[in-house]
Amino acid sequence: MPLSPPSSNAPAAQIQLGWQARLRWAHGICQGLPAVVRQIDDALGRPAEMGCTQKQMQDQREAWESFQQHKVVWQQESLKALQLTARQQATTAAIAAPVKAAAPLTFELLSDDVVENKIQASRMALTMGEATQPGFDAMRLRIQALEGREMSAQDIFRVDAVCLLLVEQWLLCGLERKHLQRVSEVLQAALGELMASEYAVLHKMLDAKGVASAQDAPLKVRRTEGETTTSSMPLDTRSGMSTTGAGYGPLASMQDQAGMATNAVGANVLSRARHRAQEAVGQLRRLLSQPAIGIQGLLPGMPAGPVAPASAALEQALREQQQAAVTQYQYVATQGLANDGQDYGPAAIGQLVDLVRERSAQWKQKASTSGEKATIEVVALMFQSILSEDRIPPSIRVWFARLQVPVLRVALAEPAFFSNLNHPARKLIDRMGSCVMGFDVSSISGSALEVEIRRVVQVIEQYPETGQKVFVLVLKEFEEFLARHLPQQNQSTAKIASVAQQVEQKETLAVQYTIELRNMLTDIPVREEVREFLFKRWADVLAMATVRYGAKDPRAMRFKQAASELVWSASAKPSRQERARVIQGLPLLLQTLREGLLLVNVAGDEQSAQIKKLTDTLAEAFVSKTAAIPAERIDAMAKRLAELEHFISDDGRMDDMSLSPENIEMILGVDIADLHVVANTDAPVDPAMLEWAQSLEAGRWFTLDHNGSRTQVQYAWRSRRKQLHLFAALDGQCYLLQLQRMSAYLQAGLLAVHDEEALTVRATRDAIQKIQANPERLRS
C-alpha cells in the first residue's frame, strides 16, 4: 500500500526520520509476530470447554488442524507483506516527487472479499483501541509535527492498516474466515499488546532524536492541493474535538479505503461520537499523568507497574462509608419522599450532590498522595455530573449515587478506569443510563427495570473487595435481564418478537435448504422444470414445515420424502415395473405436493399451473430414452433430506428477505396489530453503518422518523442472526426493521440516537472542564 509523496515543506532530514520510524515499526511488529502465532496456536490447542456440543468441538478441531497446516505460511507471508509495505512507503517518500494537481476522483467496484476484509480489519482495530489508541494518537501528532502533514489512511502506522495486511494474508494462505473469527479475541489481545509496546519503543526513539512529544506537537497541517489549507486546527474547548476535521481512527480509515461517502448524517454522528470520546479520555489521561499528580501507566511510554494500595486511613474511611451507605442514603431519601413509591424531589437530589462533594473533601484529607487526591476529585466530579443529569429519573439517580464508593475503590486500584472506555464499571453505568433516560418518573417508578438497577447496586455494595470483577458479573447479568425484559414489556411486543424470530428462521432455512438441494442435484440428471420447482417452491415448503411443525414431525418428514420421490419419478423409466410404480404412487405424491404448496399460500390457479407443469414432466419421463437415476442415488438423497438440518450451515444470505405484514400473516397465520414493518430497499448503505447497526445495544432510545411521523422508540430486540430489529414506542406501537433498512435509516439520520455519547463520557468532559477552570482542585 504505497503512499503518495509527502506534500509538505518539512526538511528532507525530518521526512527521512519519519520513514525510518515506519521501518522500525514494521520491524518490531515482525519480531513480535511469532509470539502472536504461538498464542493463537495455544488457544486453538486447548481442550474444548465443558458443555460444548459435538459440532463445536469438531469446529475447534478443524480450526486447529487448519492452523497447524498453514500457520508457517501465514507467518512468513505476513512478515513479507509488512516489510514490503514499509519499504514501499519509505521509497515513495524518499523520491519526494513534486506535488501535482489533485487527480480527478475515480470510483471502482470492490469485491465482497475486499470489503469484508476491510470491515474485519476495522472491527479488530476498534476492539484493540483501548490498548493501541493512546500510543497511536501520540504518534500521529508527533509524525504530523515532524512531516507537516496528516497521516494517510493507508499509513502502516495505523492499526487497521496492519490488521488488514494480516487478514489478507490469512485468507491468501488458505486459512478460512470463520477460523479467523474463532481466534479473533486471542489475536486482538496479543496484537494489541504487541503494537502498544512498539508504539512505546518508537516514542523513546523519537525522544532521543529530539522530536516534539505528543503534548508539545503543534496541531498544524498543510493540506495537499485541492484541500482546504489551514494554519491550525482549533480545538472545541468543551469536547477537545477538532472543529475543522473529521474523526481519526479505524472508522474513518475504513470509509476512506472502501470508497464510501462520509457525508451521511449517521456516519458523521458515529464518527463524531467516537472521536469526542477518545479526545475526552485522552485529555483526562494527560491531566492525571502530570508529574505533580503522579498516576502512572496512563500514557504510552510510561511504565504501568503495580498500583500501590490506598493509604490505610483512606481505605478505612471507604470501608466505613461502604458499611454506612444504606443507612445514610435512606436518611437522605426520607427528606424527599414519604415512601419508596413516590418521586424524589429536587431537594433530595440536591442533598445527594452536596453529599458527594462533602464526602470527597473528607476522603481527600485522609489521602496520603497527590494521586489519591486527584482520583477522589475526578470521581466526585463525574458523579456530580451524573446526579445533575435531569433526564435520569430522580429515583434512579439515588441508586447511581450509591456507586460512588465502589467506583472510587476501583479507580484507586485501576487507573485505567479513566482511560478505558470499555472498563466494566464505566460500561455498567453507561448501559443503565442509556436505558432509563427515555423514561418519565411515573413509568420508571416501581418498574422491573428500577428493581433490577436496585439489585445490581446492592450486589456491588455487598462485594466491595472484588474490584472490577463484581462489575463484570453484574454487567453480564444486566445485559441478560435486558434481553429477557425488553421484548416482554407488553404482550404486543412479546408476540411480535416471537413471530419475527420465526420469520427469520423460516427465511434462513429456505435459503439453506435451497443451497443443500442444489448441492444434492449437482450431478444428478434432473429435468429443469423439476429443479426450478424444488429450488423456488419446495425449499420454502420444507422451511415452513420445519418452523410450523418441527424438523422431525411426520408432516415435515413427508414433505422431505416427496422431494426425493419427485426427482425419481421425473427421471427416465425404461422398465414396465418402474412405470407401474410411478402410476401407483402418483396420486399420493400429487396430494402431498398440493398440501405443501398450500402451506406457503400457493393455491387456486397458481397451484394448478404448478402441478400441471410437473405432471407434464412426469409424463415425458415415461418415453425418455436417457439413462435412469440409480436407486442408490435416490436412497442417498432421501436419507440426506431426512437429516437435512445436520448439514446446513450459517452461510445463507438474507439480504433479500421478503418482509411485510402480509408476509408475516401468510407465513404464520397471525395478524399482528400495532406493527409497522419497514422492509429492505435498494438504498446503498455504508459498511460502517451495517456494522454499527449490528452492534447497537438493547435498551437505547432513539427518535424514529417514519413516513413523516417522529416517534420516540426503544431498541427492544433483535433476532438471533441480527437480521430483524424491533423498536417499541411508549404507546405500544412496534416497528420491525430489517438490517439493511435500519442501517439506511441510521445513515440518513431517520433513526437518531438520543444520546450520541455515553453517560460517563459526558461526565468525564464535565470533570475536565471544571479541572481546567481550577487545576488546583486536583492537589488540594
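The model is predicted, so local features need pLDDT of at least 70 and side-chain atom pairs pLDDT 80 or more, while totals for chains, interfaces and linings use all residues. Residues are numbered from 1 along each chain as its sequence is written, and side-chain values use heavy atoms, without hydrogens and water.

β3 (residues 709–718) runs antiparallel to β2, with six bridges joining them. Two residues separate β2 and β3 in a hairpin, and N707 in the turn has a positive phi of about 55°. Five of the six residues of β2 are buried (under 20% relative accessible area; exposed is over 50%, partly exposed in between; 1.4 Å probe, protein chains only).

I then read the whole sheet, which is open, mixed in pairing and ordered β1-β5-β4-β3-β2-β6. β1 (675–678) and β6 (751–753) stand at the edges with a single partner strand each, so one side of each has no neighbour in the sheet.

Last, I checked cysteines. C173 counts as buried because its relative accessibility is 13%, and C435 counts as buried at 0%. I counted zero disulfides, a disulfide being a pair of cysteine sulfur atoms within 2.5 Å.

Technical notes: Pairing = 2+ DSSP bridges. Helix = DSSP H or I, 4+ residues; strand = E, 2+ residues; numbered from the N terminus.
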